[in-house]
Amino acid sequence: MTQYKQDSNQSQVNNFTLPLQVADILKETHRITVLTGAGISAESGLETFRGKSGIWNQMKPEELASMDGFMANPGLVWEWYRYRRTILATAQPNPAHHALAEWSKLCKDFTLVTQNVDGLHQVAGQRAVLELHGNIRLNRCLRCGKEEDAELLASHDGIPYCQCGGQLRPSVVWFGEELPRKVLDEAIRASDSCQLFLVIGTSAEVYPAAHLPEIAREHGAATLEINVEQTRFSSQATVSILGLASQAVPAVLQTWKSLNLQ
Ligand code: BJW
Ligand code: ZN
């Protein structure tokens, strides 16, 4: 049951404190676009890239997440992706993923764009997900281009090969590589036509994904950020909520429901 308390400039929803301005931007809002990043999966046990305990504090992105890095040392890159798939094998969506999946079923025009490759939105029941950076659960052949499901718990080490003899790579987007054109076009369309744009658990450092909230803002949408830290987008956001995605997203959804589903 939703608990809703209010004082002069903030409200409490299920013990999470939201600025009152949140209600203003949620009321009569039916065209919503969401951009998620690694932070939404942090509470599912997956590491982020940047921030306090991010992967890039210890590892070099150009060695692990670029074609040059892969060509120089495919064994190292595969070792990293196998490690991440092992963690993913038991990871579960958290209340933030579940709240977004519920929201998408209640709202007529709801678009979820993610930079994440973990597939946890889909596991939570989210139907259409625009994956900007691919999906770690798939491999792609460097020779014939065929995509196939990967085993999350690999049965052997080393570099995997396709039936055609070509080398396989994880089907994700590395630095310097183009994002899937149709997916990016759809994400841009959903950003320039929404009333509300939510930015959840992303450092907003990586382009072109980081352009999407800017596009929404320039087209007049309200922008609501949820993050445990300030980001490069925080100062531009209509409202920036400092908090855990697993608490803030369900609280924002409850508020939207109480204002729009009567
Ligand atoms: C919580 C939380 C909790 C924690 N609750 N919050 C324009 C300007 C400058 C540079 C460029 C530009 N355009 C392109 C570039 C180059 C480059 C780029 O952006 N570089 C910048 C870093 C400077 N971009 C590219 O190369 C892209 N390609 C491209 O532009 O191609 C152009 C082209 C055209 C024609 C031909 C060829 C090319 C591709 C980018 C690919 C990014 N790939 C990665 C790896 C994917 C595969 C994998 O996962 O293995 O994608 S890098 C990594 O960063 C991953 C992520 O999706 C991406 C974004 O990270 P994200 O999601 O924001 O995570 P973090 O870790 O950064 O932030 C987590 C946040 O969560 C933090 O803020 C925490 O505080 C917060 N948090 N716990 C709420 N519980
Ligand atoms: Zn092949």
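Hi everyone, let me start in a loop: Pro208 sits in the one between β10 (196-200) and α8 (211-218). Helices here are DSSP runs of H or I with at least four residues, strands are runs of E with at least two, and the numbering goes from the N terminus. What is the peptide bond from Tyr207 to Pro208, cis or trans? It is cis, with omega near 5 degrees.

Before we go on, a word on the ground rules. This is a predicted model, in which local features need pLDDT of at least 70 and side-chain atom pairs count only at pLDDT 80 or more, while totals for chains, interfaces and linings use all residues. Residues are numbered from 1 along each chain as its sequence is written, chains are lettered from A and ligands numbered from 1 in the order in which they are written, and side-chain values use heavy atoms, with hydrogens and water left out.

Setting aside residues within four places in sequence, Ala209 is in contact with Leu35, Gln115 and Leu132, where contact means heavy atoms within 4.5 Å. From Ala209 to Ala72 there are 137 residues in sequence and 27 Å in space, C-alpha to C-alpha.

Now the overall picture. The chain has nine helices and twelve strands. Its radius of gyration is 19 Å, close to the 18 Å that the globule rule gives for 262 residues, so the chain is as compact as a globular protein of that length. That radius is taken over C-alpha atoms, and the rule is 2.2 Å times the number of residues to the power 0.38. Along the principal axes, the C-alpha atoms fill a box of roughly 65 × 30 × 30 Å.

How much of the chain is buried? Of its 262 residues, 50% count as buried. The chain exposes about 12,800 Å², with carbon and sulfur atoms supplying 49% of that area; the areas come from the Shrake-Rupley method with a 1.4 Å probe, and for residues only the protein chains shown count as cover. Among contacts with a separation of 6 or more, 64% are between residues 24 or more positions apart.

On to the zinc ion (ligand 2). Which residues coordinate the zinc ion? They are Cys141, Cys144, Cys162 and Cys164, each through its SG atom, at 2.3 to 2.4 Å. Donors are N, O and S atoms within 2.8 Å of the metal (3.2 Å for Na, K and Ca), and water is not among the atoms, so sites may look incomplete. The four donor atoms subtend angles of 99 to 117 degrees, which makes the arrangement tetrahedral. For reference, the ideal angle for four tetrahedral donors is 109.5 degrees.

In sequence, the donors are spaced C-x2-C-x17-C-x1-C. Cys141 in strand β7 (residues 134-141) and Cys164 in the loop between β8 (147-149) and β9 (168-172) are 23 residues apart, and the pair links distant parts of the chain. Cys141 is buried at 4% relative accessibility, whereas Cys164 is partly exposed at 33%. Cys144 is partly exposed too, at 44%.

Gln167 is partly exposed, at 24%, and its contacts beyond four places in sequence include Cys141, Phe70 and Tyr161. Its C-alpha atom is 9.5 Å from that of Cys144, 23 residues away along the chain.

Finally, two backbone details to look up in the viewer. Asn14, in the loop between β2 (10-13) and β3 (16-19), has a phi near 45 degrees, which is positive in a residue other than glycine. Glu28 is not a glycine either, and its phi is about 55 degrees; its place is the loop between α1 (21-26) and β4 (31-36). Asn14 counts as partly exposed at 36%, and Glu28 counts as exposed at 56%.

Key:
Tetrahedral: all angles 85-135°; square planar, octahedral: opposite > 155°, others 65-115°. Buried < 20%, exposed > 50% of the residue type's maximum accessible area, 1.4 Å probe, protein only.
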